[in-house]
Amino acid sequence: MRTIIAKDYEELSAKAAKVMLDVVKENPYAVLGLATGTTPLGLYAHMIADHEKHGTSYAHIRTVNLDEYKGLPKTHPQSYAYFMRKNLFDGLDIDPENTNIENGMAENETKECARYDALLEQLPRDIQLLGLGSNGHIAFNEPGTPFGSGTHVVTLAESTVKDNARLFDDISEVPRKAFTMGIRQIMQAKKILILASGANKADAVYKMVKGEVTEAVPASVLQLHPDCILIADQEAASKL
Ligand code: GLP
């Protein structure tokens with residue numbers, strides 16, 4: 001894993017934008033694996049600013065997202081589908097038809113997971129963006145998830161429900177289940193870019209980079225990827 005330490009969140013976002021935009025500019029037909037959470041917001045703002053200023057086009061770009069809460073329709077302000085529209089897609093010239101995410105309202109979980117598995121096979125990703133859970137999760141693959149997993153439905157760890165409660169009016173509103181891309185599929189991306197910001201990620205960053213590769217720390221699997229870049233700010237990298 002190549003580790004880049006940025007002095008602060010702004011520098012982290014600018015460096016992440018450079019990595020992402022290199023992929024988009026090199027291949028206007030690229031497939032981007034995208035992530036939600038607060039960490040990629042600065043990167044997404046840079047992508048929109050670059051599109052407005054330099055006209056970088058997303059007309060032929062296709063995207064697949066990592067995960068979605070179960071039980072939230074895509075119109076729900078806390079759904080990840082809504083998050084992506086509001087924080088990225090609406091600011092680009094991307095065709096909404098070319099953006100993909102699990103359907104949180106799918107009645108048949110097994111069928112929805114199979115649909116997403118098939119889609120991921122058809123859309124090999126040029127780059128996969130990831131955030132990092134404070135417990136070492138990637139997407140919603142919580143500690144203990146087998147490295148060989150495909151798309152599945154998870155029950156969120158209590159620590160994840162607590163972490164994500166800040167984005168809801170009340171912790172009782174945080175969905176307890178979610179669809180997530182599996183670890184096997186994350187590892188299939190040609191390049192991986194993982195971002196970590198803030199002191200509450202320092203333990204997870206340390207275990208991901210320096211710890212043993214173990215299913216107890218899902219992000220540690222990234223040590224085995226041939227082209228993975230970690231960009232962490234100083235606070236998140238403080239234990240390295
Ligand atoms: C959430 C998401 C992850 C995200 C992580 C970190 O639970 N499912 O994909 O990377 O938590 O979020 P944040 O960037 O807000 O710290």
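Here are some friendly notes on this predicted model, point by point.

1. **Ground rules.** The model is predicted, so local features need pLDDT of at least 70 and side-chain atom pairs count only at pLDDT 80 or more, while totals for chains, interfaces and linings use all residues. Residues are numbered from 1 along each chain as its sequence is written, and side-chain values use heavy atoms, with hydrogens and water left out.

2. **The seven-stranded sheet.** This open sheet runs in the order β1-β10-β9-β6-β2-β3-β5, and its pairing is parallel. β1 (2-6) and β5 (99-100) are the edges; each has a single partner strand, so one side of each lacks a neighbour in the sheet. Strands here are DSSP runs of E with at least two residues, helices are runs of H or I with at least four residues, and both are numbered from the N terminus. Two strands count as paired if DSSP finds at least two bridges between them.

3. **A helix on that sheet.** Helix α4 (residues 109-122) packs on the sheet and touches β3 (62-65) and β5. Contact here means heavy atoms within 4.5 Å. The direction of α4 makes about 140° with that of β3; axes are lines fitted to C-alpha atoms, for helices over the stretch in contact, and angles run from 0 to 180 degrees between N-to-C directions.

4. **Strand β10 and its partners.** On one side, β1 pairs with β10 (residues 228-233) in the parallel sense over five bridges. Threonine 3 has leucine 230 as its bridge partner in β10, and isoleucine 4 stands opposite isoleucine 231. β9 (residues 192-196) also pairs with β10 in the parallel sense, over five bridges, and there alanine 196 is partnered by alanine 232.

5. **How enclosed is β10?** Six of its six residues are buried, so β10 is largely enclosed by the rest of the structure. Buried means under 20% relative accessible area, exposed means over 50%, and partly exposed lies in between (1.4 Å probe, protein chains only). Cys228, Leu230 and Ala232 point one way from β10, Ile229, Ile231 and Asp233 point the other way, and all are buried.

6. **Cysteines.** The count of disulfides comes to zero, taking a disulfide as a pair of cysteine sulfur atoms within 2.5 Å. Cysteine 113 counts as buried at 10% relative accessibility, and cysteine 228 counts as buried at 4%.

7. **The three-stranded sheet.** A further open sheet has the order β4-β8-β7 with antiparallel pairing. Its edge strands are β4 (67-69) and β7 (152-155), each pairing on one side only. The twist averages 25° from one strand to the next. β4 and β8 (residues 177-180) pair over three bridges, with phenylalanine 179 as the bridge partner of glutamate 68. β7 and β8 pair over four bridges, and valine 154 has alanine 178 as its partner in β8.

8. **The ligand site.** The ligand is surrounded by 14 residues, and the closest are Thr38, Thr39, Asp67, Arg166 and Lys201; a residue is included if one of its heavy atoms lies within 4 Å of the ligand. A side-chain N or O atom of aspartate 67 is 2.9 Å from a ligand nitrogen. Ligand oxygen atoms are 3.1 Å from a side-chain N or O atom of asparagine 164 and 3.3 Å from one of histidine 137.

9. **Glutamine 128.** This residue sits in strand β6 (residues 127-130) and is buried, with a relative accessible area of 0%. Leaving out residues up to four places away in sequence, glutamine 128 touches several residues, including Gly33, Leu66, Met181 and Leu193. Its side chain makes a polar contact with that of arginine 125 at 3.1 Å. A polar contact is a pair of N or O atoms within 3.5 Å; within protein, one must be able to donate a hydrogen and the other to accept it, and residues adjacent in sequence count only if both atoms are side-chain atoms.

10. **Proline 77.** Proline 77 lies in the loop between β4 and α3 (80-87) and is exposed, with a relative accessible area of 52%. Proline 77 and phenylalanine 168 are 91 residues apart in sequence and 9.6 Å apart in space, C-alpha to C-alpha.
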